[in-house]
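Welcome! Please take a look at the sequence and the 3D structure below, and then read on for a short tour.

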Amino acid sequence: MVSSEHTVSDSSALTGWYKSSYSGGSQGDCLEVARGHTTIPVRDSKNTSGPALLFSVDSWAAFVGAVKG
């Protein structure tokens, strides 16, 4: 698993992935988020061994707040 400050190249090396209950079951255009890490990993649900972006807790909270607003 190669990583930089803001990415992980193989997200399958991380655990705790889940999708929102609002995403439906069709495996369409969904993001998955992983619990239990010091940063918040986010990946494309269709590419489970692809890269993940890593967000700070504050950045992720700001993003979620903006989406809800």
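## The pocket and its surroundings

The largest pocket holds about 460 Å³ of space. A pocket is an open set of points on a 1 Å grid over the protein atoms alone, where a 1.4 Å probe fits, with protein on both sides within 12 Å along at least five of seven lines; lining residues have an atom within 4 Å of a point. Its volume is the space filled by probe spheres set on the points. This is a predicted model, where local features need pLDDT of at least 70 and side-chain atom pairs count only at pLDDT 80 or more, while totals for chains, interfaces and linings use all residues. Residues are numbered from 1 along each chain, and side-chain values use heavy atoms, without hydrogens and water.

Of the 17 lining residues, Ser20, Val33, Trp60, Phe63 and Val64 lie nearest the centre of the largest pocket. E3 and H1 are the elements that give two or more residues to this lining, and H1 gives the largest share, five residues. Helices (H or I, at least four residues) and strands (E, at least two) are DSSP runs, numbered from the N terminus.

The strands form an open antiparallel sheet in the order E1-E5-E4-E3-E2; strands pair if DSSP finds at least two bridges between them.

| Edge strand | Residues |
|---|---|
| E1 | 7–8 |
| E2 | 17–18 |

E2 pairs with E3 (residues 31–34) over two bridges, and here Trp17 stands opposite Ala34. Ala34 is also in contact (heavy atoms within 4.5 Å) with residues including Thr15 and Pro41.

Technical notes: Lists of a residue's contacts leave out its neighbours within four places in sequence.
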